Amino acid sequence: MSANDIITESRPCGKLELWCVYRADLKCYLNVNVSCLYSTQDGSKQDAKSLEESVRLALLKRVIPENALLGCSIEETNSEKCYFKSQAWSLAELPIEILDGSSNVEQVICATHNTALPVSLPWKVQILPASESSVDNNKFWLSFTFHHAIADGSSGLIFHKKLLAALNEGIDDATVPSARDSLPQPIEVRLDVRPGPVMLLGELWQIVPLPSFVKRWFSPSCYLGQSTTLQQRVRTQCRLRSLVLPADSVAKLRGTSKKAAVSIHALIHAALLHAFSDLIGQTPKASQNIKAYTPINLRPLLKGQQDIIANYVSTHASSLQPRSTLVETAKAFYKEINQPGSRSKALQLLGLFNYIDNHAPRQVKVNEKKDSVTSDGSISRVASRLVAGMQNFVMERLERATETSLSGTFEISNLGNWQPKNTSKEASRLGIDDVIFSGSNGPIGELINLCVVTLAGGPMRIIFSYRTNFISEEMVDSLVQLFETHLAKLCA
């Protein structure tokens with residue numbers, strides 16, 4: 001079957017997918033990235049060009065047909081809806097590029113967070129030699145960057161697992177492509193999602209216009225005591241800091257988690273929460289008011305759908321403040337995140353999106369202030385057609401985010417302990433030696449986005465992403481140092 005034999009299929013974007021599309025349009029949250037270090041198992045040299053050709057064939061004949069959203073563009077219409085639309089691909093059209101070795105992988109990842117992917121190609125793969133040396137060229141980073149509307153962090157690992165298997169299969173021009181899967185349904189279609197009354201009122205409160213004196217009373221300061229404007233938030237750039245926790249320290253951290261009967265995620269959460277609290281204590285005009293977010297993986301609710309590339313997450317928000325010790329904080333957070341209603345609340349958030357998009361007033365929300373947010377026109381296209389409830393909600397919430405009294409916000413996304421097993425029946429020619437996961441935090445929400453992934457039996461990679469303009473480099477330096485100090489205590 002050739003690319004032109006593909007039957008065109010389309011479906012409307014789900015509410016969670018729409019939320020991600022509009023946030024990206026407004027430069028509120030850009031791309032997600034999962035990069036893996038591929039190496040030849042026998043140490044033989046690998047030419048970048050031949051690897052690129054192999055990746056193109058593997059994607060076209062295995063990975064894309066078996067994961068339908070990768071074969072789609074996002075069609076933004078002039079009405080109130082967006083659609084996923086499948087399209088025919090050729091080898092040359094696949095968004096794959098080879099980079100030279102002058103940049104390291106972290107610089108490449110950082111650049112992907114500052115450039116919006118075109119909706120016509122909502123993902124890309126970049127191949128980067130691990131070393132500039134022509135002698136040591138058996139290792140290459142394959143960087144997979146994708147729009148959050150089509151996939152979540154877990155999908156990045158699924159992508160690399162399937163790509164590794166396809167590369168080791170030895171696909172060539174004569175290989176018969178896999179049968180094409182149908183587009184997966186949005187998560188809120190698969191599950192019963194309805195907003196609870198408390199959540200609905202709380203979220204709608206975020207977009208209620210308030211008199212200025214009420215805003216000042218409710219919002220004495222924001223983000224470590226620094227006021228920010230809508231223009232500052234939208235124009236910020238994403239930057240990264242990288243930490244590597246050695247394998248022996250990871251083993252000690254795992255021992256602490258077993259002794260305390262909590263997850264490693266809870267321990268990391270406690271370390272960052274205490275670091276934020278310490279930083280706020282050093283900052284004038286900043287109150288101890290910290291909010292943290294944790295993605296909730298909804299895949300366990302979908303039987304037989306664990307390996308689908310799609311966006312199947314929701315979010316748990318926590319206002320838990322630090323306890324007397326790191327372990328006590330971790331225990332309190334672990335209890336909160338594992339209470340019977342936590343996943344139900346995550347589903348209610350998706351129900352909230354559904355309610356807003358179906359019931360919010362369909363009125364045009366255009367004015368000079370919103371159209372002049374940026375000078376490059378990146379937001380005016382969206383502002384000129386703010387007629388849908390979800391679009392209206394995203395814009396209003398962005399404006400309200402400048403008036404919050406929160407002193408610190410962060411999100412921790414932990415993909416856990418990953419074993420990149422090769423599913424090919426043939427002897428493995430390629431393997432994966434390292435993995436990095438990184439998300440782009442947004443002006444609506446987090447000061448810091450912490451992305452964590454551990455290679456089974458190996459080190460833990462921790463990526464801090466943060467926005468310029470409303471958190472200084474000095475503050476990031478202090479926060480990272482405080483976090484490392486607290487994490488070291490847990491690894492002792």
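**Reading the labels: helices, burial and contacts**

Mentor: Ala261 lies in the loop between helix H9 (247–260) and H10. Helices are DSSP runs of H or I, at least four residues long, strands are runs of E with at least two, and both are numbered from the N terminus. This is a predicted model, in which local features need pLDDT of at least 70 and side-chain atom pairs count only at pLDDT 80 or more, while totals for chains, interfaces and linings use all residues. Residues are numbered from 1 along each chain as its sequence is written, and side-chain values use heavy atoms, with hydrogens and water left out.

Trainee: Why does Ala261 count as exposed?

Mentor: Exposed means over 50% relative accessible area, buried under 20%, partly exposed in between (1.4 Å probe, protein chains only). Ala261 stands at 54%, so it is exposed.

Trainee: Why are H10 and H11 called oblique?

Mentor: Two packed helices are described by the angle between their axes and the distance between the axes. H10 (residues 264–281) and H11 (residues 326–337) pack at about 120°, with axes 8 Å apart. The axes are lines fitted to C-alpha atoms over the stretch in contact, and angles run from 0 to 180 degrees between N-to-C directions. Under 35 degrees is roughly parallel, over 145 roughly antiparallel, 65 to 115 roughly perpendicular, and the rest oblique. The H10/H11 angle falls in the rest, so the pair is oblique.

Trainee: Which residues of H10 and H11 meet?

Mentor: Contact means heavy atoms within 4.5 Å. On H10, they include Leu267, Ala270 and His274; on H11, Ala330 and Phe333 are among them. The contact of H10 with H11 has nine nonpolar, four polar and no charged residues. Here Ala, Val, Leu, Ile, Met, Phe, Trp, Tyr, Cys and Pro are nonpolar; Asp, Glu, Lys and Arg are charged; the others, Gly among them, are polar.

Trainee: What makes H2 oblique to H4?

Mentor: H2 (residues 48–66) and H4 (residues 153–169) pack at about 125°, with axes 9 Å apart. That angle makes H2 oblique to H4. Among the contact residues are Val55, Leu59 and Arg62 of H2, plus Phe159, Lys162 and Leu163 of H4. By class, the contact of H2 with H4 has eight nonpolar, one polar and four charged residues.

Trainee: How do you know that Gly431 is buried?

Mentor: Gly431 has a relative accessible area of 8%, so it is buried. This glycine is found in strand S12 (residues 430–439). Beyond its neighbours within four places in sequence, Gly431 contacts Leu37, Tyr38, Ser39, Gln41 and Leu164. Gly431 and Leu164 are 267 residues apart along the chain, yet their C-alpha atoms are separated by 7.3 Å.

Trainee: How many residues does the chain have, and what share is buried?

Mentor: The chain has 492 residues, and 55% are buried. The chain holds 16 helices and 14 strands. Of the contacts with a separation of 6 or more, 80% join residues 24 or more positions apart.
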